[in-house]
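Visitor: I am new to this structure and would like to learn how to read it. Could you walk me through a few features?
Guide: Gladly; let us look together.

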Amino acid sequence: LFDGVYPFYLQQRKVAVFDVSSIIVIVVFLTFACSFLLIIPGIRGRARLYWTLRVLLSLLVGVVIVAVQFTGDWETGWVKANTSYKSFSHVLVNADIGLHVGLAGVNVTFMGNPVNQVNETIDYNEHFSWSFDADYDHSYSKGLERGLPSPILYVAEKFTTQSPCSMHRQYRISGHYASATLWVAFCTWLISNMLFSMPVLVYGGYMLLVTGAFLIFSLLSFSTVRNSLMCPIQFGTAILRMSYGGSFWLTLAIGLLCFVAGITVVALHYFSLDLLKTFFDLREDKAEEHQEMTEVYVNTHFVNNGR
């Protein structure tokens with residue numbers, strides 16, 4: 001106590017999977033989608049369905065590329081164990097311990113089973129960042145000062161720069177390269193949309209293939225951490241095992257979607273151009289350009305002068 005007041009320590013609270021940045025990205029893209037849905041009744045005929053399919057699929061690709069930058073479930077792991085709760089204490093608690101690895105840091109979850117044990121509420125979720133503007137070791141030191149539970153500090157220590165496990169260097173470098181590759185994929189996605197709107201359909205298809213390639217490259221970059229020997233995270237006889245999380249598989253699905261869409265556009269360009277133009281609502285414009293005039297009005301005055 002300090003002058004009869006309980007001390008208060010600022011804590012880094014962050015949801016294990018989604019944070020404020022992810023929610024902002026999703027809200028922005030949902031706003032674009034809702035704005036399009038408001039104007040879609042003004043499009044006539046079958047083109048309305050084609051426009052809806054193209055716009056919603058394109059927005060889906062864009063929101064996933066940006067949102068997974070901020071999620072924390074590229075790799076996840078859970079373990080249920082009986083472990084000590086505080087340092088220098090032999091009291092054991094039954095808890096679920098989770099580790100969520102993102103591109104910019106890790107989240108360590110420590111939840112009692114049940115939550116209320118040893119006269120305390122055991123429900124912790126701490127974020128430790130290794131982004132360019134953050135110091136992971138400093139965040140870990142702050143956790144020591146706040147007196148976080150021993151399991152959280154034990155897991156977080158595995159990722160410090162001084163740890164012999166070298167997990168910090170492996171995950172940090174692979175996460176940075178994966179993030180950079182995703183931003184390149186976002187740029188190629190923007191270029192593909194501009195090419196489709198010009199319209200230069202076949203080149204838009206090529207850029208979709210490039211977008212899918214960079215999404216796959218980001219997955220390969222992140223998965224390089226599996227090529228090195230990992231230190232075990234063990235609580236007694238229980239071992240916390242890691243596996244790829246939802247963001248990893250979602251990125252893979254969107255990458256494959258870009259490949260399928262790009263290959264379809266390129267194939268239709270060479271084998272069924274009319275069908276491709278119909279899907280992009282270009283066939284009617286082309287027909288109007290080549291439409292023959294059924295009636296011709298001739299000024300007889302100029303005809304007589306020409307004689």
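Visitor: Is glutamate 126 buried or exposed?
Guide: This is a predicted model, so each value here is computed from it. Glutamate 126 has a relative accessible area of 1%, and because anything under 20% counts as buried, glutamate 126 is buried.

Visitor: Which side chain does glutamate 126 meet in a salt bridge?
Guide: Its partner is arginine 146, with a separation of 2.7 Å from N to O. Arginine 146 is buried too, at 16% relative accessibility. Look at where the two residues sit: glutamate 126 belongs to strand E4 and arginine 146 to helix H3, which spans residues 136-146. They are 20 residues apart, and the pair links distant parts of the chain.

Visitor: How many salt bridges does the structure hold?
Guide: There are three. Another one joins lysine 86 to glutamate 120, whose closest N and O atoms are 2.8 Å apart. Lysine 86 is in the loop between E1 and E2, while glutamate 120 is in strand E4, so this pair ties together parts that are 34 residues apart in sequence. As for accessibility, lysine 86 is partly exposed at 41%, and glutamate 120 is partly exposed at 27%.

Visitor: What about lysine 142 and glutamate 145, how are they placed in helix H3?
Guide: They are three residues apart in that helix, which means that about one helical turn separates them. They form a salt bridge as well, with 3.8 Å between the closest N and O atoms. Lysine 142 is partly exposed, having a relative accessible area of 36%, whereas glutamate 145, with 55%, is exposed.

Visitor: Now the strands, please. How do I read a sheet?
Guide: Here is the general idea: strands of a sheet pair through backbone hydrogen bonds, and the pairing is either parallel or antiparallel. In this structure, five strands make an open sheet, and if you walk across it the order is E4-E3-E2-E1-E7. The pairing is antiparallel.

Visitor: Which strands are the edge strands?
Guide: Strand E4 (120-129) lies at one edge and strand E7 (243-244) at the other, each pairing on one side only.

Visitor: How many bridges join strand E1 to strand E2?
Guide: Strand E1 covers residues 75-84 and strand E2 covers residues 92-101; 10 bridges join them, and they run antiparallel. To follow the pairing by eye, find serine 84, which stands opposite leucine 92 in E2. Then move along to valine 79, whose bridge partner in E2 is isoleucine 97. E1 also pairs with E7, again in the antiparallel sense, over two bridges. There, glutamate 75 stands opposite tyrosine 244 of E7.

Visitor: And how do I read two helices that pack together?
Guide: In general, two packed helices are described by the angle between their axes and the distance between the axes. Take helix H6 (residues 201-223) and helix H7 (residues 246-271): their axes come within 8 Å and cross at roughly 155°. An angle over 145 degrees counts as roughly antiparallel, and H6 and H7 are therefore roughly antiparallel to each other.

Visitor: Which classes of residue does the contact of H6 with H7 have?
Guide: By class, the contact has 20 nonpolar and eight polar residues, with no charged ones. One more detail to look for is the handedness: H6 passes H7 in a left-handed crossing.

Conventions:
Residues are numbered from 1 along each chain as its sequence is written. This is a predicted model: local features need pLDDT of at least 70, side-chain atom pairs count only at pLDDT 80 or more; totals for chains, interfaces and linings use all residues. Side-chain values use heavy atoms; hydrogens and water are left out. Two strands pair if DSSP finds at least two bridges between them. Helices (H or I, at least four residues) and strands (E, at least two) are DSSP runs, numbered from the N terminus. Axes are lines fitted to C-alpha atoms, for helices over the stretch in contact, and angles run from 0 to 180 degrees between N-to-C directions. Angles under 35 degrees count as roughly parallel, over 145 as roughly antiparallel, 65 to 115 as roughly perpendicular and the rest as oblique. A crossing is left-handed if the near helix is turned anticlockwise from the far one by less than a right angle, and right-handed if clockwise. Ala, Val, Leu, Ile, Met, Phe, Trp, Tyr, Cys and Pro count as nonpolar, Asp, Glu, Lys and Arg as charged, and the others, Gly among them, as polar. A salt bridge is a side-chain nitrogen of Lys or Arg within 4 Å of a carboxyl oxygen of Asp or Glu. Buried means under 20% relative accessible area, exposed over 50%, partly exposed in between (1.4 Å probe, protein chains only).
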